[in-house]
Structure formats: C-alpha cells, structure tokens
Amino acid sequence: MAEPTYDSAHVPHAAFGCDVHTHTLFSRHAYSTIGECVEAAKAAGLELLGSTDHYSCMTSPSLHVRDYQYLINLKLWPRLWDGVRVLHGVEADIVDLEGRLFGWNVWLREGITGRAFRHETTLKDYVWRELDYVIASIHDQTFAEGATLAQTTRMYIRALDDPKVLILGHPGRSGVPFELDPVLRAAKERGKLIEINEHSFETHYGQRTKTTCMRIAERCAELGVMISTGSDAHIACEVGRFDRTAALLHEIHFPRELIATRSADAFLSVLHAAIG
Ligand SMILES: [Zn+2]
Ligand SMILES: [Zn+2]
C-alpha cells in the first residue's frame, strides 16, 4: 500500500512536535503519572510535553492551598526528561463574564506548612507563580447562560489579557457562543493561541462541534492567527495523538507556519514572546 502523501504546505501528522495540553493523576479524572506521560511523549516522537492539569474546582472543592501542593512544586521535574522538554502549565477555568480565572478571589494568609505569609496573596497568584503558561477554558458554562455575544466575546478577550494565559482552550466545544473575529484578532494582537483540541472530535460531541472547530480553524488561517494543537490526554496512551486534528487541518489546507505546536522551537518562541 502506498504511503499517504501530503502537500508540504499543509499539515502532515508529523508536523506536531509538541503536545501542550495533557493531564496527569492530579486532575482526578485522569489516570497517568507525569513519568508515564513523558515516556509516552518520547515513544510518540514528541520533542516537547506540556503538562496542564485542571486548575479549577474539579480538583479541590475545598479551595484549600494544601490541595494544590502538586502544582507548586513542579520545579522538581527535570526540564529535559528522558530527552523530552517538559513545560509546566495548568488548564484554568474561566469562572465569570469578566474572563477571570479560578482562584482569583481566594485569599491565602498562609502557605502549605501553615506559616503565615508576610502579605496575603490569592490562590491563583500563589499556584501560578512559576508556571510557564496557562490554558484558559470553560468547563462549567452556567455563569454564561443568557449572556449576550458582546459579553462572552469580551470575556474571552479579558481571559487572553491575563499575562500567564497563552492559549484559549477548546473554544469550539465549550458551549459558550462568541463572536469569532474579535476574539481571534485579540489573540493575534497579543501573540497568543487558539486551541484546536483533539478531544473535541470525540463522537459524543457530535458533528456540530466538529463544524464549529473547523470554522474556527479556517478563520484562524484567513486572519493569520496562530493555533495550538493539544491531545487533551487524560491517560498516557493518548499523549501525542492528533489524528483527527491533523486530518481536519489537512482538509482545510491550514498553513503549517501558523501551527505553534509544530516544533519545540516554534512553541517556545511564541511562549517567550507572549509571556516572557
Ligand atoms: Zn479533564
Ligand atoms: Zn478542558
């Protein structure tokens, strides 16, 4: 059987050198350790793995700082782990129409040992201090019910304004309609990324979600907006799997140079330009 061929201007599967949306056991409905995810990334031929556990009420309804210890000690992970570059991130929930991110209003007086801080800080600032980047996503859209498109559009733009937010996570399947062009233009102006998320093509999300994702990708191509691809793996064997994303991008002749996750160098240069 002949090998599939691709037009070099488009998107071969091997174009994805990075998986920057993955989950470990910390997310609680995910099943692998960071070590297993790194091993899977290496086996999948990835150059770079971004670990982005949920940072939301999903991991701790109590909002206690001790429930977030995992995320504040990530510096222990080797930056180059078994030949794979490892980045530290979270997938944070957008929690209101102001585009604010989970934990912004949870004030802490003490750290994990119980020792008092000299100055109060928020859970968000404390947990995010040493993260490389954040994916901002919506998982519970009830706060946006009845909102106007102007409000939801502004919400996404405000989320992109957060200095640590690099990627808008799966906007094609969050169930919150918004005006596409202003959000995409805002991402472009800030050097930030719109995610095309592999998990959005699961059959239970239906054809409508796929159509929305395709429309978003097409408009990114037309406006010159960079995208991020992520497996959204919740188990190690899904790390580096982008089959349906690759097929969609190939189908619409998406330009390779707009895929920030095509290589580690490309992603790191976008990250450093946008976040420092
Ligand atoms: Zn999840
Ligand atoms: Zn998500």
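The buried residues of α5 pack against α4, β9 (193–197), β10 (227–230) and α6 (243–251). The model is a predicted one, in which local features need pLDDT of at least 70 and side-chain atom pairs count only at pLDDT 80 or more, while totals for chains, interfaces and linings use all residues. Residues are numbered from 1 along each chain as its sequence is written, and chains are lettered from A and ligands numbered from 1 in the order in which they are written.

Some terms come first. Helices (H or I, at least four residues) and strands (E, at least two) are DSSP runs, numbered from the N terminus. A residue is buried if 20 or more other C-beta atoms lie within 10 Å of its own, exposed if 12 or fewer, and partly exposed in between, with C-beta atoms placed from the backbone. Two residues are in contact if their C-beta atoms, placed from the backbone, lie within 7 Å.

Helix α5 covers residues 206–223. At 1.5 Å a residue (times one less than the number of residues), its 18 residues should span 26 Å, and its end C-alpha atoms are 26 Å apart, which agrees. The buried residues of α5 are Cys 213, Ile 216, Ala 217 and Cys 220. Seen down the axis of α5, they fall within an arc of 95 degrees (taken from the directions from the helix axis to the C-beta atoms), so they line one face of the helix. On the other side of α5, Gln 207, Arg 208, Thr 211 and Glu 222 are exposed. After α5 comes Gly 224, with a positive phi near 75 degrees.

Not counting residues up to four places away in sequence, Ile 227 touches Leu 193, Ile 194, Glu 195, Ile 196, Ala 217, Cys 220, Leu 258, Ile 259 and Ala 260. Ile 227 and Val 134 are the residues with the most contacts inside the largest nonpolar core, which has 76 residues. A nonpolar core is a set of buried Ala, Val, Leu, Ile, Met, Phe, Trp, Tyr and Cys residues joined through C-beta atoms within 7 Å.

What covers the buried residues of α3 includes β7 (133–137), β8 (165–168) and α4 (180–189). Those buried residues are Thr 152, Arg 154, Met 155, Tyr 156, Ile 157, Ala 159 and Leu 160. Helix α3 has 13 residues (residues 149–161) and should span 18 Å at 1.5 Å a residue; its end C-alpha atoms are 18 Å apart, which agrees.

Strand β7 also pairs with β4. Two strands pair if DSSP finds at least two bridges between them. Five bridges join β4 to β7, and the two run parallel; Glu 91 stands opposite Ile 135 in β7. Strand β2 (residues 48–55) is joined to β4 by eight bridges, again running parallel, and Asp 53 stands opposite Val 90 in β4. Strand β3 (residues 80–81) runs antiparallel to β4, with two bridges, and Leu 80 has Arg 85 in β4 as its bridge partner. Eight of the 10 residues of β4 (residues 84–93) are buried, so this strand is largely enclosed by the rest of the structure.

β3 and β4 form a hairpin with two residues between them. One residue in that turn, Asp 82, has a positive phi of about 55 degrees. Most residues other than glycine have a negative phi. Asp 82 counts as exposed, because it has 11 C-beta neighbours inside 10 Å. His 170 has a positive phi too, near 25 degrees, and is placed in the loop between β8 and α4. His 170 is buried, because 26 other C-beta atoms lie within 10 Å.

Another loop, between β4 and β5 (107–110), holds Arg 100. With 19 other C-beta atoms within 10 Å, Arg 100 is partly exposed. Arg 100 and Asp 162 are 62 residues apart in sequence, yet 8.4 Å apart in space, C-alpha to C-alpha.

The last step is to view the chain as a whole. Its secondary structure comes to seven helices and 10 strands. Among contacts between residues at least 6 apart in sequence, 78% join residues at least 24 apart. Buried residues make up 45% of the 276 residues. The C-alpha trace spans about 65 × 45 × 35 Å along its principal axes. For 276 residues a compact globule would have a radius of gyration near 19 Å, and the chain has 18 Å, which agrees. That radius is taken over C-alpha atoms, and the globule rule is 2.2 Å times the number of residues to the power 0.38.
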